Amino acid sequence: EAAGLEVVVVNGRHVRNLPGRKTDMADCQWLATLHAHGLLRGGFVPPAAIRRLQDYQRLRADHIIGAGSQVQKMQQALERMNVKFHDVISDLVGVSGLKVVRAILAGERQPQTLLGLCDVQIQKQKRERGLASLRGTWTPEHLFALGQALAVWEFYQKLLAECDQQIEAVLQELAGPPPATPESEDSRGAAGKKPGKNAPQIEQLHQLLMRLCGGRDVTAIAGIGDYLLLQLLAEAGPELKAWPSEKHFTAWAGLGPGSRESGK
């Protein structure tokens, strides 16, 4: 690309040669022959700046998966101690869940004291279940596993925060300087759409995404929030001219239903 060459990424199935002796030299000659006759159709390759955003976003997605596996390990350690607290609350790594886990690792064993660390609504609505779920057998090996899983999960949160900083820097570069005129009241945030717990912690993310999309608020579409829009931009960029229609884009995204049937 730096030398001015057009990069074409082709599906290997579309250029499969006849069976027989296959070498790297013969393969590249066959590709050159197909390309000389205009028979190669390249897939979508986003611009370099979008690929930077894509790399950071995909790395961040891997960290989210890693953090989720550590939450499962914490739940497994609690299960083996016969502590069912993660079945009572909705999120073990929420505010209440982390307080209880850290108190257990600090040596607290009284169910009443542990439940008192939770949110008021949990104490009111789930008191009996919560007290019963916090009575367990505190074996040292499972406490050790719980502590290690929590430490690794916290490390993943640090990595996610660092990825958010890099993503924000790329978005600032792609979006350009803010407009001279103040933004309208409706454009200050995705109205009524609360970001998910895995959404990046980026200040004014909505405004950055709007500037990247040419001032258009894509989150006005039902079902699309800032986090989903960021994921779409990281894969496809703000321009969709590479796809002739919305059907082509849906198929490229892997969301088009298949028509293959068996038994008929």
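This dialogue walks through a few features of the predicted model shown above.

Reader: What should I know before I start?

Author: This is a predicted model: local features need pLDDT of at least 70, side-chain atom pairs count only at pLDDT 80 or more, and totals for chains, interfaces and linings use all residues. Residues are numbered from 1 along each chain as its sequence is written, and side-chain values use heavy atoms, with hydrogens and water left out.

Reader: How many residues does helix H2 have, and what span should they give?

Author: Start with the terms. Helices (H or I, at least four residues) and strands (E, at least two) are DSSP runs, numbered from the N terminus. The expected span of a helix is 1.5 Å times one less than its number of residues. Now the case. H2 has 33 residues, so it should span 48 Å. Its end C-alpha atoms are 49 Å apart, which agrees.

Reader: Which residue with a positive phi follows H2?

Author: Asn82 follows H2, with a phi of about 60° although Asn82 is not a glycine. Asn82 sits in the loop between helix H2 (48-80) and helix H3 (85-88).

Reader: Is Asn82 buried, partly exposed or exposed?

Author: First the scale. Buried means under 20% relative accessible area, exposed means over 50%, and partly exposed is in between (1.4 Å probe, protein chains only). Asn82 has 45%, so it is partly exposed. Gln204 also is not a glycine, and its phi is positive, about 55°. Gln204 lies in the loop between helix H8 (140-175) and helix H9 (205-212). With a relative accessible area of 53%, Gln204 is exposed.

Reader: How many salt bridges does a search of the whole structure find?

Author: Look for a side-chain nitrogen of Lys or Arg within 4 Å of a carboxyl oxygen of Asp or Glu. The search finds eight such salt bridges. One of them pairs Arg52 with Glu173, with the closest N and O atoms 3.0 Å apart. Arg52 is in helix H2 and Glu173 in helix H8, so the pair ties together parts that are 121 residues apart in sequence.

Reader: Which other pair links distant parts of the chain?

Author: Take Asp164 and Arg60, whose side chains meet in a salt bridge at 2.6 Å, N to O. Asp164 belongs to helix H8 and Arg60 to helix H2, 104 residues apart. Both Asp164 and Arg60 are buried. Arg52, in contrast, is partly exposed at 36%.

Reader: Which residue forms a salt bridge with Lys84?

Author: Glu79 does, with the closest N and O atoms 2.5 Å apart. Lys84 is partly exposed at 32% relative accessibility. Glu79 is partly exposed too, at 32%.

Reader: How many disulfides are there?

Author: A disulfide is a pair of cysteine sulfur atoms within 2.5 Å. By that rule the count is zero. Two cysteines are worth a look. Cys28 is partly exposed, at 40%. Cys213 is buried, at 6%.

Reader: What does Ser96 touch?

Author: Contact means heavy atoms within 4.5 Å. Leaving out residues up to four places away in sequence, Ser96 touches Cys118, Asp119 and Ile122. Ser96 is in helix H4 (residues 95-106). Its relative accessible area is 11%, so Ser96 is buried.

Reader: Which residues form a nonpolar patch on the surface?

Author: Patches are made of residues with over 30% relative accessible area and no salt bridge: like charges are joined within 9 Å, nonpolar side chains (Val, Leu, Ile, Met, Phe, Trp, Tyr) within 5 Å. Accessible areas come from the Shrake-Rupley method with a 1.4 Å probe; for residues, only the protein chains shown count as cover. Here Val7, Val9 and Val45 form the patch, with about 210 Å² of accessible area together. Val9 lies in the segment before helix H1 (24-36). At 46%, Val9 counts as partly exposed.
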